[in-house]
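Colleague: I am new to this one. Please take a close look at the surroundings of the ligand for me, and then go on to the helix packing.

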Amino acid sequence: MTERMTTNQGAPVGDNQNSRTAGRRGPTLLEDYHLLEKIAHFDRERIPERVVHARGAGAHGVFTLEQSMKAYTSADFLQEPGTETDVLVRFSTVIHGTGSPETARDPRGFAVKFYTQEGNYDLVGNHLPVFFIRDAMKFPDMVHSLKPAPDTNIQDPARYWDFMTLTPESTHMMTWLFSDLGTPANYREMDGFGVHAFKWINAQGEVHYVKYKWESAQGVRGFSRQEVAEVQGQDFNHATRDLYDHIKNGQYPQWKLQVQLLKPEHMDDFAFDPLDPTKTWPEDVIPFQTVGTMTLNRNPQNFFAEVEQAAFSPSALVPGIEPSEDKLLQGRLFSYPDTQRHRLGPNYLQIPVNCPYAPVRNHQRDGLMNVNQDPSPVNYEPNSSGNSPQEDATYRDSRVPLHGEVTREKLEKTDDYTQAGELYRSFTTVEQQHLLDNLVNDLKGVPVDTQMRALCHFFRADGQFGARLAQGLGVDISAHMPPQNR
Ligand code: HEM
């Protein structure tokens, strides 16, 4: 039996096809509540899209712990091997809008929400291991340079190369981004990285800095420039379709979660700063350990409710996991819940996909779209009611020793080039050729001054890298060298 159609107030609808008018050919009456409600609701169907990472795809799944991490963190879901934790994952491109092609050269977002028994834990990473900048202060400028220009509304390499070449710490990330890995073949065949260091704290209060990697069981595959053009011409939704179809057909994608752990007393052991998100930690010195496996096994039934309304944040942490002092991460801790209050409303954590499995009990009340009001009349603390939620000192944050002075300064060890050079040299001949081809193709239209700055940075990373790029761009580098080097 079909169900009766109603208005949003629950009243039966007698006619869903014809407006109520004054006479057969007369004007429509304002009293037609069903028409007004139907159109007014439609008028409000769109919510603000994410300011970055607007285009994405999501899936549900499970994370299974394989190795206990008890020695390093008290995080509840990382204690007993075999523990299963439900997850929601959203993959995304960064720069363009919700309907943009999924072939763009862009980092891919790799955001995971773990619904743990002690609250939601979000690991909001990317598919490349480093980032363009190391201070949150630069993020809005960086994004402005990459977004479409204010006048033409078209992305312009001259603008982002202008910014990036005046920001030498981006050299490492630009080397990753202009390799074929900057255009991943789909969301399944890519790894994920937490990028920042975080802190794990165990039951004894001992701290380890930790970096995360999701290793794809499907392998890693990037598109060449020619493949991008071909795929984009056929299907600009190819990555969403690929993920959806594989899950629908029972070919569930999997990733191994791996971590690198570093004791605080070793933070000064390197030529770079381990809290710098433009750097990776050398695997030969700090090897990866496997933690567990994530399997994506359920497609969303409703994209808007389960993916568009999803809210991830690096500040969604659980006991045993804390942010590091990384200045990029520190800015992110504020930014995500702030934008989500704007994008989804102050009670965005009551939206089912964001709602923790763990019970929520506190004295925060009311606000726009509060649909889960605590019925208790006691909404303040301290109180003498004897049955209101109580803090628990076992869950106090860790204590952090401080020294030095309040300041605004760069990190002491910047080293913007060494790892970019190492990355270039780690590529195969073909990978190097594609990197150079991608760079030449993008840089050829930008002003000569910007080209020269770019060459200068890639030279510093690796002399051969710079020389081959100069050759590709048709620049006579001898004219720019001091006389003794010509
Ligand atoms: C999304 C800000 C750096 C990964 C977002 C959003 C904002 C933002 C405002 C939209 C969130 C929403 O509407 O729900 C920032 C700021 C950064 C920064 C201020 C630096 C200071 C990074 C870095 C990474 C990253 C370093 C990767 C390690 C992501 C991902 C999403 C996202 C994956 C999409 C989350 C989703 O799928 O909903 N970022 N971001 N961001 N950001 Fe960042």
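Modeller: Start at His 53, which sits in the loop between α1 (33-43) and β1 (56-65). Helices (H or I, at least four residues) and strands (E, at least two) are DSSP runs, numbered from the N terminus. This is a predicted model: local features need pLDDT of at least 70, side-chain atom pairs count only at pLDDT 80 or more, and totals for chains, interfaces and linings use all residues. Residues are numbered from 1 along each chain as its sequence is written.

His 53 has a positive phi of about 60°, although it is not a glycine. Most residues other than glycine have a negative phi, and most peptide bonds are trans. The peptide bond from Glu 381 to Pro 382 is cis, with omega near 0°. Pro 382 lies in the loop between α8 and α9 (418-426).

Now the ligand. His 53 is among the closest of the 27 residues around it, together with Arg 90, Gly 109, Ala 136 and Val 195. A residue counts as near if its C-beta atom, placed from the backbone, lies within 6 Å. β2 (84-93), β3 (108-116), β4 (119-126) and α8 (327-344) each give at least two residues to this shell. α8 has the largest share, eight residues. By type, the shell holds 13 nonpolar, 10 polar and four charged residues. Here Ala, Val, Leu, Ile, Met, Phe, Trp, Tyr, Cys and Pro are nonpolar, Asp, Glu, Lys and Arg are charged, and the others, Gly among them, are polar.

Next, helix packing. Helix α2 (residues 139-146) packs on α3 at an angle of about 150°, with the axes 7 Å apart. Axes are lines fitted to C-alpha atoms, for helices over the stretch in contact, and angles run from 0 to 180 degrees between N-to-C directions. α2 and α3 are therefore roughly antiparallel (over 145 degrees). Asp 141, Met 142, Ser 145 and Leu 146 of α2 meet Arg 159, Tyr 160, Asp 162 and Phe 163 of α3. Contact means C-beta atoms, placed from the backbone, within 7 Å. This contact has four nonpolar, one polar and three charged residues.

Helix α3 (residues 157-165) also meets helix α11 (residues 448-461): their axes come within 9 Å and cross at roughly 45°. Ala 158, Trp 161, Asp 162 and Thr 165 of α3 meet Thr 450, Arg 453, Ala 454 and His 457 of α11.

Key: Two residues are in contact if their C-beta atoms, placed from the backbone, lie within 7 Å. Angles under 35 degrees count as roughly parallel, over 145 as roughly antiparallel, 65 to 115 as roughly perpendicular and the rest as oblique.
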